[in-house]
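Thanks for coming. I have one structure to go through today, and I will keep it short. Please have a look at it first.

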Amino acid sequence: MVSETSLDMSRREFIAAGGLTVAAACFAPSYLIAQTGGLVGGAFKEAAVAKVTVQNLRRNISVLLGAGGNIAVLTGSDGKLLVDAEIVTARPNVSKALASINADPIKQLINTHWHFDHTGGNEWVHEAGGSILAHENTRKHLSQATRVEGNWQYTFPPAPAGAIPATVFKDEHTLHVNNTTLMLKHYSPAHTDSDIWVHFAEADVLHTGDTFWNRDYPFIDYGTGGSINGHIRAAEANIAKVTDKTIVIPGHGAVGGKADLILFRDVLVEIRDKVATLKKHGKPLPEVIAAKPGARYDAEWGKLFQSPSDFVALVYQGV
């Protein structure tokens, strides 16, 4: 995702951004780019030109790493299965990356949750032949206008019919595709109320969606059921799920493992507890931000999607 600091442009960057705006407009539907500026608008622009790299994992599983949510790719005689679909403006580079793996057609898409940086490609993936599967709350949020506050400040209109998941589930779901068993599980409300994990059983690869951000402060969508405590509960569930040999695909950041999940949980708990103590003692949000409860992590964890102050504000809201 794009950081707020990346939106503070110099004069030269402002001129270059004109090209990004044109690129974004070419690939984003008008109903999405009608609201300009802000973090979401910046994400559309960045994704239009950001490189998408392919990392091979185990067996027939790869991951695409770009500006939006990480995409898992399972290949084989049944066609490509994708987990998540990036930001809509990333389509040309996602398509190029998929073609570089092999010529298998896209046949299935799983959404880990409803946010635009994971479902933006739903419509074009569906048009390419992919059926869409997700949690029932993902379909609910995509089917209606949904406002996201925080540093997004964006109202997402209902998605077009082709972008709506055709198949949904409530708690658990299992698929058998390309000689692989995929086990899907809904989290209790965490980052949103629609989060699921996807476990590729034979390869022991786990896609956590945005319940895990590898060395990035996460966004918490309180408007659709997320909370700091729910995020921590999901982190605990992820740790309990994996072994030291599990490959973990986060929603954002580098591919990791169990140690990275533990670090993520520990950082969330530490900052939550510090913020809760300050709030309990009557400190208003500006004073809590000034106290820098995440000081020892801020330089690394606060340079991408959520600035340190943004993340503290999200935690403060939920304690």
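This is a predicted model: local features need pLDDT of at least 70, side-chain atom pairs count only at pLDDT 80 or more; totals for chains, interfaces and linings use all residues.

Seven strands make up an open sheet with mixed pairing, and their order is S1-S2-S3-S4-S5-S6-S9. At the edges are S1 and S9, residues 167–169, each of which pairs on one side only. On average, neighbouring strands in this sheet are turned by 20° against each other, direction ignored. As for the join between S5 and S6, residues 131–135, these two strands run parallel and are connected by three bridges. Within S6, Ser 131 is the bridge partner of Gln 108.

Now the helix. H4 covers residues 91–101, and its buried residues are Val 94, Ala 97 and Leu 98. Why do they line one face of the helix? Viewed down the axis of H4, the buried residues fall within an arc of 100°, so they line one face. An α-helix has 3.6 residues a turn, so residues three or four places apart point the same way. Lys 96, Ala 99 and Ser 100 are exposed on the other side of H4.

What do the buried residues of H4 pack against? Their partners are strands S1, S2, S3, S4 and S5, together with helix H6, residues 122–127.

In one of them, Trp 213 and Phe 305 are stacked, with 5.2 Å centre to centre and 5° between the planes. This pair links distant parts of the chain, 92 residues apart: Trp 213 is in the loop between S13 and H8, and Phe 305 is in the loop between H11 and H12. Trp 213 and Phe 305 are both buried.

Another pair is Phe 264 with Trp 301, and it counts as stacked because the ring centres are 6.3 Å apart and the planes are at 10°. Here too distant parts of the chain are linked, with Phe 264 in H9 and Trp 301 in H11, 37 residues apart. Phe 264 is buried at a relative accessible area of 1%, and Trp 301 counts as buried at 2%.

Trp 213 and Phe 305 also belong to one aromatic cluster, whose members include Phe 44, Trp 114, Trp 152 and Tyr 154. Lastly, Lys 279 lies over the face of Tyr 316, 4.5 Å from the ring centre.

Notes
Residues are numbered from 1 along each chain as its sequence is written. Side-chain values use heavy atoms; hydrogens and water are left out. Buried means under 20% relative accessible area, exposed over 50%, partly exposed in between (1.4 Å probe, protein chains only). Helices (H or I, at least four residues) and strands (E, at least two) are DSSP runs, numbered from the N terminus. The arc is that of the directions from the helix axis to the C-beta atoms. Contact means heavy atoms within 4.5 Å. Two strands pair if DSSP finds at least two bridges between them. Axes are lines fitted to C-alpha atoms, for helices over the stretch in contact, and angles run from 0 to 180 degrees between N-to-C directions. Rings of Phe, Tyr and Trp (its six-membered ring) pair if their centres lie within 6.5 Å; planes under 30 degrees apart count as stacked, over 60 as edge-to-face and the rest as tilted. A charge sits over a ring if NZ of Lys or CZ of Arg is within 6 Å of the ring centre and within 35 degrees of the ring normal.
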